[in-house]
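Please read them with the coordinates open.

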Amino acid sequence: MNSPTFILEQKKLQENLAHFEYLAKETSIIWLYTLKAFDAPEGLALIAHSFDGFSLGNANEYAKVKEYGKKVHSYTPAYYEEEVETLAKQSNTMSFNSLTQYRRYAKRCQEHTSLGLRINPKLMLNQPDYCNSNRSRLGVPYQNFLDVYQEDKEVFERLEGLHFHAFCYQDSHAFEDLITHIEDNYTAILKRLKWLNFGGGLDFTSKTFDTVHFMKVLQTFQQKYPQLTLYFEPASAVLKDVGQLEATVMDIISDTIPIVILNISIESHLLDIAIAHVQPTIKGASRFKSDYPYQITGLSCIAGDVIGSYYFNEKLSLGDTIYFEDMLAYTWVKQTSFNGLRKATLSVL
Ligand SMILES: Cc1ncc(COP(=O)(O)O)c(C=O)c1O
């Protein structure tokens, strides 16, 4: 195997997908996989088999799943102007991130797709800042939306759905909080809507996720609003524990704690680690004291390219292979085409 390499463990992915197939069988939810977390064709072919469709944000992402002919929801913080109408034609549902985006594009898109608005419910959830969209620019702050809705219902004549993405590794109780928020604030509006998209971020495949509680909350809500089509668009839960990053020990420098140089670097291979400020898990190592402590570092020329201090079960040697665990969601994709965004070109003036 080449090194470094991201390893996709198909059997583990199939296990997670089987769980989503079970959820699909037990609920009348439409399950969309959110492409941004991992979009390699080898994984998408398997995911497409188990999911009703995809959630994506632009033409680059659409091109990756077009062949499957499945449902598409589109959402992005801001649409590329020259793409938005085509994307509307390719999407079953489409949500806008702000009132300015909605006002700018809704008329052009309304005849092609079902229009929605992403709402920021401002939930108080205990989750990491880097992925806490409740404290972000993502979605129209719900109070703003409610105010504008009261003042000018005509603006929203074509609005058919609301989109929430408020969670980051959350359990069924966070989902209950969102349902409470929706029932407390939008009852008058819900009656005239066709769909709600609850976003991603629920830890469906975690051993601790209370599926029974989740189903109960969902079913109670559905009984009250049977006319609404409900969507979830998970990503990290689909990829939980399905892959590793394999790296090689290039050098071991003697120091108070020996310094290991690997053939990867934070900025080239682990951008999500950099932004999340978390220490990735390494197979055969932990944070508990052992006889083999090492400082694990990268191959770049940046002094701060330090992945962290680990205690290994065994002594390391040159050429050893190191496996970083749970490395598929949001890691591999940041080397290539995160969110399907266009790369910057170089103009020489
Ligand atoms: C709008 C939206 N939906 C769904 C997801 C998937 O979230 P997760 O990977 O936490 O399930 C994301 C992730 O950033 C997102 O931005």
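**Notes on the predicted model**

1. Start with Tyr-130. Tyr-130 is partly exposed, because its relative accessible area is 39%, between the 20% and 50% cut-offs. Tyr-130 sits in the loop that runs from strand S6 (114–120) to strand S7 (140–141). Together with Tyr-169 and Ile-275, Tyr-130 makes a nonpolar surface patch of about 310 Å². Bear in mind that this is a predicted model.

2. Next, the ligand site. The residues around the ligand are Thr-34, Lys-36, Tyr-75, Arg-118, His-165, Gly-200, Gly-201, Glu-233, Pro-234, Ala-235, Ser-236 and Tyr-330. By class, this shell has four nonpolar, five polar and three charged residues.

3. Which residues place a polar atom 2.7 Å from a nitrogen atom of the ligand, or 2.8 Å or 2.5 Å from an oxygen atom of the ligand? Ser-236 uses a polar backbone atom, 2.8 Å from a ligand oxygen. Tyr-330 uses a polar side-chain atom, 2.5 Å from a ligand oxygen. On its own the ligand has 390 Å² of accessible area, and the protein covers 88% of that.

4. Two residues of the shell deserve a separate look. Tyr-75 lies in strand S4. Tyr-75 is buried, because its relative accessible area is 8%, under the 20% cut-off. Tyr-75 and Leu-56 are 19 residues apart in sequence, and their C-alpha atoms are 6.2 Å apart in space. Tyr-330 is placed in the segment after strand S16 (321–324). At 22% relative accessibility, Tyr-330 counts as partly exposed. The phi of Tyr-330 is near 65°, a positive value in a residue other than glycine.

5. Most residues other than glycine have a negative phi, and most peptide bonds are trans. His-277 has a positive phi of about 50° although it is not a glycine. His-277 lies in the loop between helix H12 (271–276) and strand S13 (285–286), and counts as exposed at 71% relative accessibility. A cis peptide bond joins Ser-3 and Pro-4, with omega about 0°. Pro-4 lies in the segment before strand S1 (5–8).

6. Now the charged pairs. Side chains of opposite charge can pair when their charged atoms come close. How many salt bridges does a search of the whole structure find? The search finds 12. One of the pairs is Lys-12 with Glu-9, at 3.7 Å from N to O. Lys-12 is partly exposed at 36% relative accessibility. Glu-9 is also partly exposed, with a relative accessible area of 23%.

7. The side chains of Arg-108 and Glu-81 form a salt bridge at 2.9 Å, N to O. This pair links distant parts of the chain, 27 residues apart: Arg-108 is in helix H5 (residues 99–109), and Glu-81 is in the loop between strand S4 (71–75) and helix H4 (84–90). Arg-108 is partly exposed at 30% relative accessibility. Glu-81 is partly exposed, with a relative accessible area of 37%.

8. Glu-183 and Lys-224 meet in a salt bridge at 3.1 Å, N to O. Glu-183 lies in helix H7 (residues 172–185) and Lys-224 in helix H9, so the pair ties together parts that are 41 residues apart in sequence. Glu-183 counts as partly exposed at 21% relative accessibility. Lys-224 is partly exposed, with a relative accessible area of 47%. Elsewhere, salt bridges that share partners join Glu-81, Arg-104 and Arg-108 into one network.

9. Finally, two loop residues. Ser-206 is in the loop between strand S9 (195–197) and helix H9 (211–224). Is Ser-206 buried or exposed? Ser-206 is buried, because its relative accessible area is 15%. The side chain of Ser-206 makes a polar contact with the side chain of Thr-208, at 2.9 Å. Ile-257 is in the loop between strand S11 (243–253) and strand S12 (259–262). Ile-257 counts as partly exposed at 36% relative accessibility. Ile-257 and Leu-316 are 59 residues apart in sequence and 13 Å apart in space, C-alpha to C-alpha.

Definitions and conventions
Residues numbered from 1 in each chain as written. Predicted model: local features only at pLDDT ≥ 70, side-chain atom pairs only at ≥ 80, totals over all residues. Heavy atoms only, no water. Near = heavy atom within 4 Å. Polar contact = N/O pair within 3.5 Å; in protein donor to acceptor, adjacent residues only side chain to side chain. Areas by Shrake-Rupley, 256 points an atom, 1.4 Å probe, with all protein chains shown as cover. Nonpolar A, V, L, I, M, F, W, Y, C, P; charged D, E, K, R; others polar. Patch = residues over 30% accessible without salt bridge, like charges linked within 9 Å, V, L, I, M, F, W, Y side chains within 5 Å. Salt bridge = Lys/Arg side-chain N within 4 Å of Asp/Glu carboxyl O. Helix = DSSP H or I, 4+ residues; strand = E, 2+ residues; numbered from the N terminus. Buried < 20%, exposed > 50% of the residue type's maximum accessible area, 1.4 Å probe, protein only.
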